[in-house]
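Thanks, everyone. Let me put the model up.

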Amino acid sequence: MQTCPGCGEENPDRFRLCGYCGSVLAALVPSQEVRKTVTVVFCNLKGSTELADRLDSEAWREVLTLYFSAMKSVLERHGGTIEKYIGDVIMAVFGLPRMHEDDALRAVWAAAEMREALAELNVTIRAGFGVMLENRTGVDTGEVVTGAGGGSRRLATGDTVNVAARLEQVAPPGEILIGESTYRLVREAVEVVPVEPLELKDELGSVPAYRLVSVTAGARSAGRAGRPLVGRAREMAALDVAFRRSVAGPEGRLVTLVGEAGIGKSRLIEEFVRSIADQAAVLRGRCLAYGDGITFFPLAEVLRQAAGIVPEDSEQDARIKLKSCFGEQLADATSRIESIMGLSQHPYGKDELFWAMRAVLGELARRRPLVVVIDDIHWAEPTFLDLIEGILDASLGVPLFLVCAARHELHEDQPGFAARRQAASQIELGELSQEECGLVVRNFLGEAGLPRPLEQRILGLAKGSPLFVEQVLSMLIDDGLLQERAGRWVFSGAAEAVSMPGNVLSLLGARLDRLGPGELAVVELASVIGLEFSSDAVSALLEESDARIDLERPLAALCRKQLIRRVEPGAAGDFRFSHILVRDTAYARLLKRTRARLHERFAVWLTDTFRSRLAEYEEILGYHLEQSCHYRAELGPVDEAGRRLGAEASRHLSSSGRRALARGDMPAAANLLQRAAALLGESDPARALLLLDAGEAAVDIGELERAESMLTEAADQALSAGEIGTARAAALALLQLRYTTDARAVQENVVELVEQQIPELEAMGDDRALVRAFSLLTYVHWTGGRFGDAAAAAERTIRHATAVGDEVTASRFIGSLAISALYGPMPVAEAIATCEQVLARAQGDRKVRARAELAVGQLEAMRGDFDRARLLYRRSRASLEELGCLFLAALTSLASSVIEVLAGDLAAAEAELRTDYRRLEEMGERNYISTTAGLLADVLYRQGRYDESAEFASACEHLASPGDVASQFHWRSVRGKLRARQGAIDEAESLLSAQGKYRLGPESTSARRTPAKPGGSRSCRWR
């Protein structure tokens, strides 16, 4: 039993909260005296007695309040704890209640900033009270005795406290003195002047001291960060040049760093970020190494940092912080960002989400140059890579610098990433030379060195990997073969007897073998969580027998041994593995049964911790439960508990998959839904439905064999389970897949076949199957040029999709109504009315609205209202460009040029087409550019510019594929007219006769019943 410190009642040992008063039990353990290494800061006001006599007591109290508030803010910002106030003396401790590997540097940095903060504060105090303050500061590091509990029982005592106090007492006004032990820990990050040693009473004797001059700008760690970067001068220069081009433009730029694991990508980025920290805001995210389908996690991390959202925030708090960060002017974008982060269940399409990300990052970059670092993009979803490209393409005019790190797998899996973009570049990180690796050794050890034979063995095995070198040296420290004496590393022992692992993985394994039990337990538990982890999460994974283990000691030890390190505020956890290979090596040590148990336990912790924001982490939660299920299955038959766990994992993955469907992220949807289905038994009715949705998503991303396999399995399992509606829906989806890929292989009477099933499906009330039926009919009628029938089928698709809550399908088919109205048999006035209805129904989808407005513009031109037609096509283009749909925006001229030709303004038609031709050429587009060239050839012919017309007709012929009906029609039409003018009548007639078989269905609209436009034809076809 355990006793509640709040009410004194006894509670079972496993209770976390008191069953009587609700107080936290686990956090308030009995206090016990412990020894800790900390850094103590003493700061005292000079001449405070005289100042108090000069000022009224009320005024003096106000001055002290301002002073203490300013000093306290600096100390706490750097992680210090105010131990006590003694009159006008402040005593602060760095390392209580939690130790950091850089406590000494934090304390020194805080002392330096306190001096600067007082100088700024004196401006206010002098103006308001007519006085100025001076203080002096002492800093020392060493062992103290302190209580492990909270509250007043955490007081630190010991010689370190006395030395810091004495340093403060002898420091001149406005100066900072640091002790020898502190100086040894921060010497690479500070500039000091030695002073006379202090003669202290009792047994302390003489103590060396140093006057602090400055702290190196950007210093964050007295360890690795204090050592120079080796062998990357060219790469650093390239990053710097790209950053300065981004700022000077201003413009968006992307640099991708590519290299093998352990080659130094992260270190290079750290050094670059440190070098520009005072010139730009820096935000950082990472792609996860696990769990396909976690598409937007990296940028969600970035936005949490930008808005200051922390794990403790509720969903409401997170929303408030987002709105405060981006303001009312970006309210629409913020609502979509909430959807990305799981703070809103409102479904937005992919284009809307892409627009929102560009908008908020653009706003941040307008305030201050912005650097966004994304690590490990070789693990990114294809949709996320599309987003990065979209951000780059739309970021002209703002200083936004994207830095991505990847292994070579990126180019194997996504060879086209950022290709042919002038604002994108790549830096390849190769191996360091043996001389450069030797410099890494010397930077690590300082003036000392290793025995020459041992150093040569290390350099030979390193093969250019700085990670290998650093980990070998750390291993020698672990083994006591490298020891720090009087501020220098000294090698002791027989060099030839040192056992040396042959590669990085075996080296890391050897280092883990050398860890103590507590350290090894912590690093293995953390490996289950991921690359970044919080100490709270590790605590939750501890076995019951270790529930009261003090994590501070092993975490601090692991930091010293450079296996983990603390991360900057705003990251996902307190700590981060020094390299992903360290995490992977630790994880590989765990038994499968242990992994299964720990993944499940972490999922429980994740649920408890983020209960109010669970949707934000649902993909990760589903992944950990999924892993637990897989390991259980590998170890033996799955029992009832395992099946329940699988069902829970499936529920979270399917929920994430349906959100991916709603935003149009089909690669993620296919992955998540297929994994969700795999976790369910074959007799589970939900399995077939998940496979159906996953199969259709796979169709959308072009993975047709995978899609056919899933759809076939869905149909078979639904029939076996008696789910007739789902079986019919899957069969219809299969039929559409086969019709789409090879219409000739499907029965010619596909329309009749589908229509025969509709009455039975309607009698069953199966809206899901009816969506598939009418979707297939819409597609068949569209491809056959029967736009009136297609519109009727699309309306039914929308109705049934809405009935089952499938807003994605409903939105997709709403847009098709406008195109059917434009190209179908409706009179112009009726077609415009239909398009206006589409605009009203598509309020939340600006892409659908933009394309509907373009259709209305063409219809208005047909009835002679060219001013409104121009307004609509220009507004459509602007909307598409704002959304980042630059490809669709570059197709606007296929409609706008028709409008200008009907209006009789050939120069405007030419300008529209030339602009889009140039844009498509810059994109490297090779499909629609041929149609654009053909239309431009015709416009130039109409203006009598026959040589230019012939040039673009040839370009159209060269670019067009044999099956490109529109382009084949256009170049033959223009070439035929040109040859006729040259007197080659037979050739012209041959070309124009061949043109007939390419006559375009959508252009045969001259029979529209509409008033003739002033001075011209009623047709939208060019004559």
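Just after α35, G884 takes a positive phi of about 85 degrees. This is a predicted model, so to speak of local features we need pLDDT of at least 70, side-chain atom pairs count only at pLDDT 80 or more, and totals for chains, interfaces and linings use all residues. Residues are numbered from 1 along each chain as its sequence is written, and side-chain values use heavy atoms, with hydrogens and water left out.

Now α35 itself, residues 866–883. Helices here are DSSP runs of H or I, at least four residues, numbered from the N terminus. Its 18 residues should span 26 Å at 1.5 Å a residue, and the end C-alpha atoms are 26 Å apart, which agrees. The expected span is 1.5 Å times one less than the number of residues.

Which residues of α35 are buried? F866, A869, R870, L872, Y873, S876, R877, L880 and L883. Buried means under 20% relative accessible area with a 1.4 Å probe, protein chains only. These buried residues pack against α11, α34, α36, α37 and α38; contact means heavy atoms within 4.5 Å.

Next, the cavities. The whole structure has 3 of 30 Å³ or more. A cavity is a set of points on a 1 Å grid, over the protein atoms alone, where a 1.4 Å probe fits but cannot get out; lining residues have an atom within 4 Å of a point. Of its 15 lining residues, F296, F297, I340, E616 and E619 are the closest to the centre. α8 gives the most to that lining, 3 residues.

Conventions
Helices (H or I, at least four residues) and strands (E, at least two) are DSSP runs, numbered from the N terminus. Buried means under 20% relative accessible area, exposed over 50%, partly exposed in between (1.4 Å probe, protein chains only). On a 1 Å grid over the protein atoms alone, a cavity is a set of points where a 1.4 Å probe fits but cannot get out, and a pocket is an open set with protein on both sides within 12 Å along at least five of seven lines; lining residues have an atom within 4 Å of a point. Grid points are joined across faces, edges and corners, and a volume is the space filled by probe spheres set on the points.
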